[in-house]
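Here is the note you asked for on this model.

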Amino acid sequence: MFREDEKSLMVRFLKDGTLLYANDMCMNLFPVVIGENFLDMLPESERNIIMKHLESFTPDILTRSLMQEIGAMRIGWINRAIYNDDNNLIHFEGVGRIIKEMEATNILYGSSQVIPERKVGVP
């Protein structure tokens, strides 16, 4: 599948919200600019929720889900923290899907869920 055919939103960003990558679907849906902070475009209440979500990652909890509501649209995000060998956070990667209300309940079981996962190379 070509990147242009992907129906998911895909982003990569630093812990401060600086956008490193966004696929075409994301760029067409949101007024984001590579190199700028995507958090700056959000209302403060939503920014605080997302910052708390990002702060909840650790080298032991690499992947988490988040439900985001933007007007009448719901996006289910699966976010992953990328750490180096010294357990320093490098960046985040997120994949989002625009979902219907029933799918939101079935996919994410609420607003935030820890998905158990191990870091590669850690027993």
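**Notes on fold and salt bridges**

1. The model is predicted, not experimental. Its chain contains three helices and six strands, and their order along the sequence is β-β-α-α-β-β-β-α-β.

2. Of the 123 residues in the chain, 34% count as buried. The accessible surface of the chain is about 7,800 Å², and carbon and sulfur atoms supply 55% of that area.

3. Among contacts in the chain with a separation of 6 or more, 40% join residues 24 or more positions apart.

4. Two salt bridges are found in the structure. As background, side chains of opposite charge can pair when their charged atoms come close.

5. Arg-12 belongs to strand 1 (residues 9–13) and Glu-93 to strand 5 (residues 89–99), so the bridge ties together parts that are 81 residues apart in sequence. Arg-12 is partly exposed, at 33% relative accessibility. Glu-93 is also partly exposed, with a relative accessible area of 27%.

6. The other salt bridge is formed by Glu-69 and Arg-74, where the closest N and O atoms are 3.4 Å apart. How exposed are the two partners? Glu-69 has a relative accessible area of 46%, which counts as partly exposed. Buried would require under 20%; Arg-74, at 23% relative accessibility, is therefore partly exposed.

Conventions: Residues are numbered from 1 along each chain as its sequence is written. This is a predicted model: local features need pLDDT of at least 70, side-chain atom pairs count only at pLDDT 80 or more; totals for chains, interfaces and linings use all residues. Side-chain values use heavy atoms; hydrogens and water are left out. A salt bridge is a side-chain nitrogen of Lys or Arg within 4 Å of a carboxyl oxygen of Asp or Glu. Helices (H or I, at least four residues) and strands (E, at least two) are DSSP runs, numbered from the N terminus. Buried means under 20% relative accessible area, exposed over 50%, partly exposed in between (1.4 Å probe, protein chains only). Contact means heavy atoms within 4.5 Å. Accessible areas come from the Shrake-Rupley method with a 1.4 Å probe; for residues, only the protein chains shown count as cover.
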